[in-house]
Amino acid sequence: MIFHSDTSIVTIDRFIIEQEAKFPEATGELSGILYDLAVAAKMISSKVRRAGLIDILGAAGSENVQGEHQQKLDVIANLIITKAMDHGGRLCAMASEEEEGIIAIPPQFRCGKYVLLFDPLDGSSNIDVNVPVGTIFSVLRRITPGTGNGTVEDMLQPGFTQVAAGYVIYGSSTMMVYTTGHGAHGFTLDPSIGEFLLSHPHIRTPERGKYLSVNDSYERYWSEPVRALMRRYRGLDSQREPMNVRYVGSLVADFHRNLLGGGIFVYPANSKNPNGKLRLLYECNPLAFIQEQAGGACSDGRQRLMDVVPTELHQRSPLFLGSKADVETAAAMLQAER
Ligand code: P6P
């Protein structure tokens, strides 16, 4: 690694502290949540990096609430985050893709004023073939009265109420990207010192992208407006230059590439999945928050995604996420479906 004189070495902890210092009213609780999530990310990264070596590949033999076969790493990542976050006194409840109900704070620990929602290891079906996977998280302020355990009601808030959101991508390197509403910032893990170092400050997504991320094996289930939209993205109606299709099949990997280089990730509703596949609260909303902070946009095909008022903890949503102009194209062309 060559160090350039203009490259400052800033750890994620130092960055979090400096961000907090800008807000005199800050109590440090949100900072504590972010520190602890960074520790959990390092632990999960260590497991993912050795997946092939310590025989934790393959299904755990159990199923999660989604009826999906849980991979051992799913279970381990879920446990790591739960145990890293349950005792800090900053959360009053958690929710995970891997658990049907909310995760209560154990009685021996104090409850705080935030709730945490997360997908501990998204794209986990890719683990055995060494495709990048990711962790996604969202932080909300509790809205129910009292100082005890939170409830599902505290989770069912629209995305624009998020106080923080982020993801970790376990790819060629491990990166943590998060926002607290003051820009989106990326940190790369230096495994030789076990620190996340600031590598992508103030991420900005190009206004118009070059990559289209979509699984078009569902084309036969799409509506006609969605099919017309895909023809537009592919330049087949001569309205724009063709986009290159890049689809890894791992949301965090596809999103991260488009966030940095410009592009759009599309998982539309279809006749088999009328609400799409991805989960609103702990997949779509956190990535939408980051994308908007990076100058992009996110829609469910009908409205700004972060305006959707949730009704169920694990509800799904269609997703159009990425460069602002490309998301606006989707919103315009799907008007016919409203
Ligand atoms: P499909 C992985 O299982 C996942 O939840 C996301 O990470 C990914 O974007 C999506 O599903 C892929 O779904 O239907 O294209 O295989």
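Which backbone oxygen lies 2.7 Å from a polar atom of the side chain of Ser 250? In this predicted model, the backbone oxygen belongs to Pro 132.

**Ser 250**

- Ser 250 sits in the loop that runs between β12 (244-245) and α6 (251-261).
- Ser 250 counts as buried because its relative accessibility is 0%, and the cut-off for buried is under 20%.
- Beyond its neighbours within four places in sequence, Ser 250 contacts Asp 122, Gly 123, Asn 126, Val 131, Pro 132 and Val 133.

**Ligand site**

- The ligand is surrounded by 13 residues, of which Asp 122, Tyr 218, Tyr 247, Leu 251 and Tyr 267 are the closest.
- For Tyr 218, an N or O atom of the side chain is 2.5 Å from a ligand oxygen atom.
- Asn 215 has a polar side-chain atom 2.8 Å from an oxygen atom of the ligand.
- The ligand taken alone exposes 400 Å², and the protein buries 82% of that area.

**Nonpolar cores**

- The largest nonpolar core contains 52 residues.
- Within this core, the residues with the most contacts are Met 85, Leu 116, Leu 117, Leu 121, Phe 137 and Val 139.
- Helix α2 (residues 29-49) contributes the most to this core, giving 9 residues.
- Domain 1 (6-200) and domain 2 (211-337) each supply at least three residues to this core.
- Leu 116 touches, among others, Leu 37, Ile 81, Met 85, Phe 137 and Val 139, when residues up to four places away in sequence are not counted.

**Domains**

- The domain assignment divides the protein chain into domain 1 (6-200) and domain 2 (211-337).
- The C-alpha centres of domain 1 and domain 2 are 24 Å apart.
- Across the boundary, 46 residues of domain 1 are in contact with 31 residues of domain 2.

Technical notes: Residues are numbered from 1 along each chain as its sequence is written. This is a predicted model: local features need pLDDT of at least 70, side-chain atom pairs count only at pLDDT 80 or more; totals for chains, interfaces and linings use all residues. Side-chain values use heavy atoms; hydrogens and water are left out. Helices (H or I, at least four residues) and strands (E, at least two) are DSSP runs, numbered from the N terminus. Buried means under 20% relative accessible area, exposed over 50%, partly exposed in between (1.4 Å probe, protein chains only). A polar contact is a pair of N or O atoms within 3.5 Å; within protein, one must be able to donate a hydrogen and the other to accept it, and residues adjacent in sequence count only if both atoms are side-chain atoms. Contact means heavy atoms within 4.5 Å. A nonpolar core is a set of buried Ala, Val, Leu, Ile, Met, Phe, Trp, Tyr and Cys residues joined through side-chain atoms within 4.5 Å. Domain bounds come from an automatic or database domain assignment. A residue is near a molecule or strand if one of its heavy atoms lies within 4 Å of it. Accessible areas come from the Shrake-Rupley method with a 1.4 Å probe; for residues, only the protein chains shown count as cover.
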